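Me: I have a structure to go through with you. Please take the charged pairs, then one of the pockets.

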Amino acid sequence: MTYFLNFRSAGVGGAVIDPYLLEGDGTTDPPSLSVVPWAQAPAIFAGRNILFATHGFNVNYASGAKALGRLGDYLALPSPNLFIGMLWPGDAWLPVVDYPFEGDVAIDCGQRLAQFCNTWAAGAQSVSFASHSLGARFVLQAIMSITGRIDTACIAAGAINCDCFTAEYAAALGRVATVSLLASHSDDVLKIAFTIGDPFADLLHDDHTPFRPALGYSGPAVPASAQILAPWQIADSLDYGHGNYLPSDGDDKWKKVADFMRLTFLRMPSPWPGAV
């Protein structure tokens with residue numbers, strides 16, 4: 001059984017809603033999930049080290065539940081640790097073209113996540129995050145407002161500007177103990193699509209520098225902070241594309257990423273991907 005935090009009002013696209021807990025098997029078709037009564041939530045979180053993990057842009061409800069359900073099963077975190085997958089509407093009926101607007105959705109979800117944690121997870125020992133793609137903005141926004149201890153953040157293929165830790169989310173960096181990153185020069189989505197789409201997003205926001213490459217392409221612009229752990233650049237020879245970070249039926253490359261996330265969360269040495 002896996003826990004999920006659902007921010008979705010529809011299976012595809014739809015408005016953001018205040019999140020609620022689901023439990024069950026996300027890997028079935030359709031996902032076999034049921035609502036957790038609110039009265040049970042504090043006991044679920046109490047005394048736990050929580051790892052909130054989320055997918056990125058252009059992932060519908062069923063696909064997100066399947067990928068995160070498989071990730072949770074593979075991580076198999078020992079007690080008192082707790083994995084929670086987060087399902088959010090960073091997609092639309094007209095995919096891809098909505099990218100410039102999904103940053104607002106990620107910010108909205110992050111603010112609602114912070115409120116949820118402050119209300120229902122106040123008894124947790126610690127809170128950590130793992131994200132893929134545009135999920136980086138989701139979790140960084142949450143980190144800005146969650147009270148209590150933020151332990152680790154693992155940001156894989158971050159679809160966010162490479163200067164985010166010195167610009168719009170500089171304050172978030174100061175609130176988390178360690179940040180681990182994964183970036184790949186073989187990620188054509190971040191190399192090409194992000195470069196095209198982000199300037200349009202910049203028209204909607206003036207809080208970050210335009211025309212910067214993505215964090216998940218070549219890492220942070222100024223890796224000077226002690227919180228940001230090296231190494232983060234995946235060797236070019238391993239050919240990690242945007243779809244290789246979360247569970248899929250294509251290949252097992254995602255398992256290396258999952259191992260990295262697990263070690264990061266457990267504060268154990270995580271040398272992969274190694275220097276290039």
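**Salt bridges and a pocket**

Reply: This is a predicted model. In it, the side chains of Arg137 and Glu168 form a salt bridge, 2.8 Å from N to O.

Me: How many residues apart in sequence are the parts that Arg137 and Glu168 tie together?
Reply: Arg137 sits in helix H4 (residues 135–143). Glu168 sits in the loop between strand E7 (150–156) and helix H5 (170–173). The pair therefore ties together parts whose separation in sequence is 31 residues.

Me: Is Arg137 buried or exposed?
Reply: Buried means under 20% relative accessible area. Arg137 has 8% relative accessibility, so Arg137 counts as buried.

Me: About how many helical turns separate Asp108 and Arg112?
Reply: Both residues lie in helix H3. They are four residues apart, so the separation is about one helical turn.

Me: How much space lies in the second largest pocket?
Reply: The second largest pocket is a computed space in this predicted model. Its volume is about 210 Å³.

Me: Which residues lining the second largest pocket are closest to its centre?
Reply: The lining has 13 residues. By class, seven are nonpolar, four polar and two charged. Strand E1 (2–8), helix H2 (61–75) and strand E5 (81–87) each give two or more residues. Closest to the centre are Met1, Leu77, Asn81, Leu82 and Phe83.

Methods: Residues numbered from 1 in each chain as written. Predicted model: local features only at pLDDT ≥ 70, side-chain atom pairs only at ≥ 80, totals over all residues. Heavy atoms only, no water. 1 Å grid on protein atoms, 1.4 Å probe; cavity = no way out; pocket = protein on both sides within 12 Å on 5 of 7 lines; lining within 4 Å. Points joined across faces, edges and corners; volume = space filled by probe spheres on them. Nonpolar A, V, L, I, M, F, W, Y, C, P; charged D, E, K, R; others polar. Salt bridge = Lys/Arg side-chain N within 4 Å of Asp/Glu carboxyl O. Buried < 20%, exposed > 50% of the residue type's maximum accessible area, 1.4 Å probe, protein only.
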